[in-house]
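Biologist: Could you walk me through the labels you put on this model? I would like to hear the cut-offs behind them.

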Amino acid sequence: LMEPKHPFTVVAKAPETNPLLDEIWRLFWAVGALSALVSLITYSPKDPSWSTWSTESNFRNWMGRFGSIGSDFLFQCFGIAAFALVPLLVSLAFERHRKAPQAVTGTHKFLKRNLLYGAFLVSIATLLQTLLPLDWVPWHLPNAGGVIGKLFSWIYEYIAGPKGAVLLSLTGTLALVILIFRVQISTAAATASLGLWKKSRRHLPTLVNGSKTTWEVIRARFK
């Protein structure tokens with residue numbers, strides 16, 4: 001039997017996006033990424049922050065009171081992993097806005113993306129906490145991965161030990177890098193290895209001839 005045709009089937013069209021609003025959206029995230037980077041780089045523990053409030057008007061942080069409070073909060077929570085927030089904001093700025101057929105789909109994608117970004121910050125903080133000794137931490141921060149990194153590193157060490165905690169945090173970080181930035185790590189490693197092998201094969205005859213000449217010189221000297 002033939003399937004009945006439906007001549008009046010209605011296909012939902014994706015809503016059109018305004019390119020000017022997209023540009024403003026990208027500009028907003030780009031400025032946010034630059035502001036976060038400047039405030040983190042010019043951070044000073046002597047500046048007033050959310051934990052040490054003051055009416056002082058002179059700040060060493062280039063972003064003023066906002067940068068001082070924000071950078072101190074990020075460093076206390078995520079440690080040095082706070083710098084990972086900058087590429088996340090940059091990826092938001094240059095993200096291609098795809099047309100969603102429904103508003104619910106866009107909301108779902110937004111929540112999923114934010115969860116991935118939060119997990120990425122936590123994973124980087126945990127990895128730094130398990131790898132970096134306290135002497136290497138700048139600005140005399142109490143933890144390399146902040147309070148969150150210390151908490152998750154303690155959980156990982158309780159489950160798998162110190163070395164297992166490094167392996168777990170490294171695996172989670174690489175998995176999130178693949179998901180967020182869509183980087184094919186295995187393909188990139190294979191391509192880099194193939195390129196190095198081709199270059200080594202190209203220079204191999206020169207190295208062999210050079211080693212032969214050197215060996216002949218040594219033998220002639222000791223004759």
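Modeller: Happy to, starting with helix 1, where the buried residues are D22, W29, A33, A36, S39 and L40. Before going on: this is a predicted model, where local features need pLDDT of at least 70, side-chain atom pairs count only at pLDDT 80 or more, and totals for chains, interfaces and linings use all residues. Residues are numbered from 1 along each chain as its sequence is written, and side-chain values use heavy atoms, with hydrogens and water left out.

Biologist: What makes a stretch a helix, and how many helices are in the chain?

Modeller: Helices are DSSP runs of H or I with at least four residues, strands are runs of E with at least two, and both are numbered from the N terminus. The chain has six helices and zero strands, giving the pattern α-α-α-α-α-α along the sequence.

Biologist: How does the span of helix 1 compare with the expected 33 Å?

Modeller: The expected span is 1.5 Å times one less than the number of residues. Helix 1 has 23 residues and reaches 33 Å from its first C-alpha to its last, close to that expectation. Its buried residues pack against helix 2 and helix 3.

Biologist: Why is S169 called buried?

Modeller: Buried means under 20% relative accessible area, exposed means over 50%, and partly exposed lies in between (1.4 Å probe, protein chains only). S169 has a relative accessible area of 2%, so it is buried. This residue is found in helix 5. S123, in helix 4, is at 10% and therefore counts as buried too.

Biologist: Which residues does S123 touch, leaving out those up to four places away in sequence?

Modeller: Contact means heavy atoms within 4.5 Å. On that basis S123 touches S169, G172, T173 and L176.

Biologist: What makes a set of residues a nonpolar core?

Modeller: The members are buried Ala, Val, Leu, Ile, Met, Phe, Trp, Tyr and Cys residues, joined through side-chain atoms within 4.5 Å. The largest such core here has 29 residues, of which F75, F78, L88, L89 and F120 touch the most other members. Two or more residues each come from helix 1 (19-41), helix 2 (64-78), helix 3 (85-93), helix 4 (103-131) and helix 5 (146-181). Helix 4 gives the largest share, six residues. In soluble globular proteins, nonpolar side chains tend to be buried together.

Biologist: What is F75 in contact with, leaving aside neighbours within four places in sequence?

Modeller: F75 is in contact with L40, Y43, I80, A82, F83, W139, L141 and G146.

Biologist: How much of the chain is buried?

Modeller: Buried residues make up 27% of the 223 residues. As for contacts with a separation of 6 or more, 64% of them join residues 24 or more positions apart.
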